[in-house]
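Have the structure open as you read.

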Amino acid sequence: GSNERLQELRPLPLKPDASGGAQAPSVFVCAAAKVDKPFLGFGGSFTEASAWSLGKLGAEKREEAMRAYFDPEHGLGYTIGRVPIASCDFSLENWTCGDLPAGDHDLKGFSLLRYKTS
């Protein structure tokens, strides 16, 4: 346990970590750095479990949650979102985007129906 809960802590400056130069599992975007690729936006992953959870909220709380994600002044300011293709660790069950037998190069068995019903 820690007795630092709800206590203001001193700021920590960004500096090299102890990984020896390996990339950490997080990303820091430095606005002053020149990059060759455009910055597309800021966002998160929207999973089946998060959609199910939002659906359980009343309209007012659901709107509050959406503002917390997307409002640029009073929330996180998400501008993009990612959804997994088929099930993931945060799905309600295991599923795929249709019946895709070997050799189905035209993706005739591909279906987005699960997204529409979730």
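## A loop, some salt bridges and a patch

Ala86 sits in the loop between S2 and H3. Helices (H or I, at least four residues) and strands (E, at least two) are DSSP runs, numbered from the N terminus. Before going further: this is a predicted model, where local features need pLDDT of at least 70 and side-chain atom pairs count only at pLDDT 80 or more, while totals for chains, interfaces and linings use all residues. Residues are numbered from 1 along each chain as its sequence is written, and side-chain values use heavy atoms, with hydrogens and water left out.

Back to Ala86: its phi is near 75°, a positive value in a residue other than glycine. With a relative accessible area of 14%, Ala86 is buried (under 20% is buried, over 50% exposed, and partly exposed lies in between, using a 1.4 Å probe and protein chains only). Leu107 lies in the loop between S2 and H3, and has a positive phi too, near 55°. Leu107 counts as partly exposed, though, at 47% relative accessibility.

Now for the charges. Side chains of opposite charge can pair when their charged atoms come close. A salt bridge here is a side-chain nitrogen of Lys or Arg within 4 Å of a carboxyl oxygen of Asp or Glu. Searching the whole structure turns up four of them, including these:

| Pair | Closest N and O atoms |
|---|---|
| Arg114 and Glu48 | 2.6 Å |
| Glu93 and Arg114 | 3.1 Å |
| Lys61 and Glu64 | 3.3 Å |

Which residues are linked in a network of salt bridges? They're Glu48, Glu93 and Arg114. On the Glu48 side, Arg114 forms its salt bridge, and that pair links distant parts of the chain, with Arg114 in helix H3 and Glu48 in helix H1, 66 residues apart. Glu48 is buried at 10% relative accessibility, whereas Glu93 is partly exposed at 46%.

Lys61 and Glu64 are three residues apart in helix H2 (residues 59-70), so about one helical turn separates them. Lys61 is partly exposed at 48%, as is Glu64 at 40%.

Thr47, in the loop between strand S1 (43-45) and helix H1 (48-56), is buried at 14% relative accessibility. Leaving aside neighbours within four places in sequence, Thr47 is in contact (heavy atoms within 4.5 Å) with Pro84, Cys88 and Phe90.
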